[in-house]
Amino acid sequence: MATVETNLAPHAHVEEHEHHEPDSFWRKYIFSEDHKTIAKQYLISGIFWSIIGISMSVIFRLQLGFPDMELGFLKPILRGWINESNKLDPNFYLALVTMHGTIMVFFVLTAGLSGTFSNFLIPLQVGARDMASGFLNMLSYWFFFVASVLMFASLFLETGPAGGGWVIYPPLSALPQAHISSELGMTLWLASMALFIVSQLLGGINYITTVINLRTRGMSFSKLPLTIWAFFLTAVLGLISFPVLLSAALLLIFDRSFGTSFYLSEIYINGEALPNVGGSPILFQHLFWFLGHPEVYIVMLPALGITSEIIATNARKPIFGYRAMIASMMGIAFLAFIVWAHHMFVTGMNPFLGSIFMFLTLIIAVPSAVKAFNYITTLWRGNIRFTPGMLFSIGLVSFFISGGVTGLILGNSALDIQLHDTYFVVAHFHLVMGASSAFGLLAGVYHWFPKMFGRLMNEKLGYVHFWMTFIGIYCVFFPMHYIGIAGFPRRYYAFTSYDFTKNIFADMNSFISIAAIITFSAQFLFLFNFVYSLFRGKRSPQNPWKSNTLEWTAPINPGHGNWVGEIPAVYRWPYDYSKPGAKDDFIPQNVPYSQTPESNLPHENELIGLEKEIEAQNLNDQFKQPH
Amino acid sequence: MKEELESIDYTLEEPDETLSMNPKKFIMWLFIVSSVMFFAAFTSAYLVRRAEGNWLEYTIPAVFSYSTAVLLFSSLTIHLAYLAAKKDRFGLMRTAISITFVAGVIFLYMQFQGWVQLVDQKVFFVGNPAGSFMYIFTLFHGLHLIVGLIILLFALKAAFQLSIHAKSLNQLEIAATYWHFLDVLWLYLFAFLIYFH
């Protein structure tokens, strides 16, 4: 590659850093240290896991929606888990629910979302050649890969995968003899999650370091795109909360496999007392939710960051309240750590303590509302272009609001006693965190696909995909609120045995299941679009969305090192859209104020004097190119 | 608060140099942050569990005090190595790193002896969580220390290859930072165990 460039531009060879030989296939695509390749690896893994995770939900929705249905046709896939009477095995139902949760929360919306977009966008948007440590970044992916292999392997165990819910509360999860799904499946779950946490920590450490230390000249924190702010705060959340889950998981592993009693006390199984004394199962819940709640924001913040960027770009307007957006994300990140016990209102907690956690929980509504209003005000009177990415971003805002509002209800400790562990909770978090975060992921893929693969995705298919998914998701989760208020508990195999559930809402459950199947099938449109556009999509121009951020100044297919020659310097914030007086309706971040006298505001004219200083700054180039 | 943020005068902003720290060093500090959270989880779990009663009382074997002294000493020697490297005194640097390494190994051995004495006192890993936590603290601190020993080995190798000197201190600084962290971490855990006994 270097030789080709020498022919075109004689000086290019000098700038090419020295040990740049063509990498072997393995180094380039498999054990790559390049952030863009690692991002794509995460994306493909995330897509793979989401297919599995969502398929699982469709299978248990069949059971819930149509309890009398003959499921014999699933025998080729599920084998022994469809019993003689062609019904889904109840134990496997529990495993399906558990694995759906685990896979979607951790493997798709944490690894697939943060892993893809933090890796891809952080170096490109802050103006760095690569992550701070390419090696750690590669290690992060491969830890994730091994975690994935273990989790995947657990699906094929004779005793089935873990089945104690994705929250794996002991004692159920701590005692292999407690339930079939607490056997080897749970061991593999814990081993897989321990590796997953290591992977997330390696990734997060890299993200933080890159954002803080490897920004290009002029890229101060107040000029960072909101995507980067979101990824940065997400990584900080992960860095602080994931080690706690690791501690909790390790103690659980010791309880399971070495006979300690951290979470176990005075338990009788089949009339026989276990030797464990003095443990506390509530302790696990505290440790788990200390991660578990920030995890919600680890899933949500990147999606919100992506949305901020896409909405501003496609509304052709500066984001409304840039600093308020940052402040509210910081507020959310801070509050995330002091609200965990609202998941534990019914554990016999002191009601006074409960009301403190209730108060703190409800405060989260403030920064969340700031964000929601800012999205709407950014859209207000904008010159909106409805690209598929934009539609998914607007969809996210819709889900974020309608799911967030029920959060106010659940956050009340008194109301939560009725609604705890019902379908109301399921509806709430699927809307506010599941669907909105998934929409952020999809929006991001549609928006940055041209940067990732140099081609555009098909818009028409994107529109069909959006509307089917958007309407479908509301049809799935909106009715669940009613089922939840009626008291239907989550994770139950069937509602036929209880007087208060057996005669009502069967039709509603069928409706939800049908909507789920339609929504699921719409995702294959996306999958087709993705694969088709990968090879046959229209070739993308360098800046297809006329966006301001730095990644669009890099070549269409950026090579290792992202920019040929010097990394661009940054002079302005990333949201100069439709600036009065400007020639175009966008001014990229690397355009100095001295070049845009027609649109400068008075204080910006004063900044022209600083441009020389910015240019004289340390290049901050990892590849040590000549100044 | 929001209005305050909005009203900040943008013109006062100076263009700051973006690079503030060597990225590798920064990575080490972030790793330390996550380790702190890891152990904070254990110690909070300890407190929560202890507050529930049914807590085994036992005396902490004296060997843990001695091992603490050894670890403190090794922290001094790694600092000596750093000072030596700053002055390009390679012989002293190599000796000091080696002594730190040996002290680290001795510390691990003494921790193990501590376990043996705990078992003699009939405080087992399996049983009342009071004892289990003791083992957990020492075990995971020990694992972190083994990582520290590996980092020291790399530093020693670099020291013999003359790639650590007054103008290239990063590797040694990272090793020293981590080693001091291990020291402080153990002091915290040990003081915690004594205080909340």
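Me: What is the order of the elements of chain B from the N terminus on?

Reply: From the N terminus on, they run α-α-α-α-α-α, and chain B accordingly has 6 helices and 0 strands, where helices (H or I, at least four residues) and strands (E, at least two) are DSSP runs numbered from the N terminus. This is a predicted model, in which local features need pLDDT of at least 70 and side-chain atom pairs count only at pLDDT 80 or more, while totals for chains, interfaces and linings use all residues. Residues are numbered from 1 along each chain as its sequence is written, and chains are lettered from A and ligands numbered from 1 in the order in which they are written.

Me: How do you know that the span of helix α6 of chain B agrees with its number of residues?

Reply: The expected span is 1.5 Å times one less than the number of residues, so the 26 residues of α6 (residues 170-195) of chain B should span 38 Å, and the end C-alpha atoms are 37 Å apart, which agrees.

Me: Which elements of chain B do the buried residues of α6(B) pack against?

Reply: The buried residues of α6(B), among them B:W179, B:D183 and B:W186, pack against α2 (23-51), α3 (63-86), α4 (90-120) and α5 (129-160) of chain B.

Me: Why is A:A230 called buried?

Reply: A residue is buried if 20 or more other C-beta atoms, placed from the backbone, lie within 10 Å of its own, exposed if 12 or fewer, and partly exposed in between; A:A230 has 31 C-beta neighbours inside 10 Å and therefore counts as buried. A:A230 has its place in helix α9 of chain A. Not counting residues up to four places away in sequence, A:A230 touches A:L301, A:P302, A:L304, A:G305 and A:M329, a contact being two C-beta atoms, placed from the backbone, within 7 Å.

Me: What makes up the side of chain A that touches chain B, by class?

Reply: The contact takes 47 residues from chain A and 35 residues from chain B. On the chain A side, α9(A) gives the most, with 9 residues. By class, that side has 23 nonpolar, 19 polar and 5 charged residues, where Ala, Val, Leu, Ile, Met, Phe, Trp, Tyr, Cys and Pro count as nonpolar, Asp, Glu, Lys and Arg as charged, and the others, Gly among them, as polar.
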